[in-house]
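Morning, everyone. I have one structure to go through, and I will keep it brief.

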Amino acid sequence: MKQKYLPLTATILIFLLSYALCVAQYPNMLSTRVIGNLLTDNAFLGIAAVGMTFVILSGGIDLSVGAVIAFTGVFLAVVLEQTSIHPLAAFALVLAITTLFGALMGAIIHHLEMPAFIVTLAGMFLARGMAFVLSIDSIPIKHPFYATLKSLYFKLPGGGRITLIGGLMLLVFAVGILVAHRTRFGTNVYALGGGTATAKLMGVPVAGTTIRIYALSGLLAGLSGIVFSLYTSAGYSLAAVGVELDAITAVVIGGTLLTGGSGFVAGTLVGIFIQGLIQTYITFDGTLSSWWTKILIGLLLFAFILLQKGIIRLSRPERQHA
Amino acid sequence: MTSTVRTYLGRLLPQLIALAIIITAISIIFPGFLNLQIQNGRLYGSLIDILNRGAPVVLLAIGMTVVIATKGIDLSVGAVMAICGAVSASLITSGHSLVETLLVTLAVGILCGVWNGILVAVLDIQPIIATLVLMVAGRGIAQLITEGAILTFIDPGLIFIGSGSFLGLPMPVVIWLIFGILVALVVRQTALGMLVEAVGVNREASTLSGVFTPVLLIAAYVLSGLCAAIAGIIAAADIKGADANNAGLWLELDAILAVVVGGTSLLGGRFSIAASVLGAVIIQAINTGILLSGFPPEFNLIIKAAIIVFILVLQSPRFRTAFTYVSMPRAAGKPTEREAK
C-alpha cells in the first residue's frame, strides 16, 4: 500500500473500530437516526473544515473561520430583521463579503510575506469585531423562508433524516474532493504545500493560488455561517468560538500533514465523524461530562501527530536512495 | 554605561512613543486620567489600574517573547492558566497550606511547559500544532479538576496575591515587575539570550556550532508554562475562584499581540522582554481608553486587528526593501547594540 494512504486508512479504521465499540455498548447507536443527526449537528463544522483542508494542504492556516461564521450569522440576522430583502439575496451578499475577506487575507499573506498565522489572527479579530459592531445581542431569525429551508429533508429507511444542511455538507465534501484531485487549482494547492520555492519553479502561479485558497476558505466559512444560522435560527456575535480549532483538529485527525502537501479532503470528513461520534457517545452515556470530549480529541490529535511524524521519518531514507 | 542606556532606549523608543501618545490622548479627553491618590497606603488611579489589569497578559508576554525568539509559539498558555487556577483553587479548598498550593501550582505549570517543550524539541513537531494539543485538551483537564463548577475559596493569603498591595503597588504589578526583571537579568546577563536568538535564527546551524538546542527549547517552553502558572494564580486570586471555562480565554492571542507590538519578529531571532512588557501595557491602555471613552468595548477587537496589520506592514520584507534607506541605519546599528552588552 502506498505510504500516502496510511494516515487516511488509520483514520477510517479508528472510526470503524470506535463505532463498533459504541454499537457493542449501545446497540441503538447503529441507526440511520443517529447518523442523520451526526450529519446535521456537524454540518457547519464540516463545511468550514473543507476550506481548512485546502488551506492546510497549501501549508498555511486560517484562524479566522470561527469569527467569520459568527459574523455571517449576525449579518444575516440584522439584514433580515431590518430590511425586506429575500434571504437568498442576503446569502449571496454575505458570501461575496466573506470571499472578498478571505481573498484580502490571502493577498496580505502573499504580498507582505507574513506568516498566515498572524494575518488570519488579525482577520479573526476584525471579523469578530465587525460582528460585535453589528449587534452584541443574540438576534432571532423569524423569516418564513428559514422555516421552509429547515423543513426540507430526505427521509432515510429507519426513521433517519438527512436535512438540507446535512446534505449540503456532503455536497460540499464531494465538490471539495473533485476540486482537490481533478482540477488544476487542486494540483497547484498540493504543489504549494510541497514548498513555495519549488512550486514557483514548476510554474505554479503562487500569488493567484494563495489568494484563491484563502478566498475559498472565506467562501466556505461564509457558507458554514449560513448553515449555522439555519441550524440555530439566530445570529450571535459570540457564537462559534473556537470552531477554527475544531476544524484544524478534524483536518489533522483526517490524516492531512500539517506541513502541507499531503492529505485528503475525504479524510477530513472522517475526522468530523470521529469528533461527532465522541460527542454522541457522551450523550448516550449520560454520566460522562462533556469536557471529556475535549480531552479525548486532544489525545487523538496527539496520536495522529505522532503517527505523521513516524511516517515522515520512515519515508525519509527512501527519498535519499531515490 | 550611558551607551547601554541609549541603545536600550533606542530599542524601546517606538513603544514608548506609542504609549505616550495613547496616554496623552486619553488624558486630553479625560483630565482626571492621570490622577494618582494614596488610600490606605496604596496607590489608586487609572494608570495603576492599567498596570494591574494588564498583569496576566504582561506575564504571558514575558514567556511568549522567549518562545517566539526561538521561532516557536505557545498557544497553550490560556489553557495552562485555566489548569493552574483550577489546581490552586482545589488545593487551597482541600486544606493545603498556601506555600504548598503555590509550589504545586507552579510545578504543574512547569510540567505543562516540559510537555510542550518535548513535543517541539524532541519529537520535532511544529510549535503551533504541538501547543495546540494542550490548548484543546487543557480546558477539559481544568474542568476535570474543578469538576465543572467554579471553585471559590476564601483563603486570605491566596486572595492577597490578587488584590493585596505591597509598597503602595497592587500585588500583581509587584509580581510581574520582579519576575520580568529577574527573567531579563537571567537572559541578558548570561549568554542564554544570545543562544535563544541563535536557535531562533537558525536551529540547525546553532546545533552544529555546539548549542545544546533541545534543552534550550524545552527551557523556553518551561518559562512560558511558569509564566502561565503565575498568571493563572493571579487571575484566580483576583476573582477568588477558578473558572475553568473563562480563565485566560484568548489571552494567548493577546500575549502574542503584545510580543508583536513589542517589535519581536514572529520569525524568531532578536527579542526584547522590556519591549514586550511595554507592548502588553499598550494593549491594556487601549482597552482602558476605549472603556473610558464610552465606545462599546466591541471596538477593541477592530483596533487590535488594525494594529496587527499596521505592524505587519512595517515588518514585511517587501516594505523594508522598498524603504531601504530607512532600515539601513537600523541594520547598521545592530552590531553596536551587541557590542554594548
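Predicted model: local features only at pLDDT ≥ 70, side-chain atom pairs only at ≥ 80, totals over all residues.

Residues are numbered from 1 along each chain as its sequence is written, with chains lettered from A and ligands numbered from 1 in the order in which they are written.

Domains to begin with. Chain B has domain 1 (42–294) and domain 2 (298–341), with bounds from an automatic or database domain assignment. Their C-alpha centres are 25 Å apart. Eight residues of domain 1 of chain B are in contact with nine of domain 2 of chain B; contact means C-beta atoms, placed from the backbone, within 7 Å. On the domain 1 side, α12 (251–261) and α13 (273–293) of chain B each give two or more residues. Helices here are DSSP runs of H or I, at least four residues, numbered from the N terminus.

Now the other chain. 32 residues of chain B are in contact with 36 residues of chain A. The largest share of the chain B side, eleven residues, comes from α6(B).

Last, the helix α3 (residues 55–69) of chain B. Its 15 residues should span 21 Å, and the end C-alpha atoms are 21 Å apart, which agrees; the expected span is 1.5 Å times one less than the number of residues. 15 of the 15 residues of α3(B) are buried, so this helix is largely enclosed by the rest of the structure. Buried means 20 or more other C-beta atoms within 10 Å of the residue's own, with C-beta atoms placed from the backbone.

Definitions and conventions
Contact = placed C-beta atoms within 7 Å. Buried ≥ 20, exposed ≤ 12 C-beta atoms within 10 Å, placed from the backbone.
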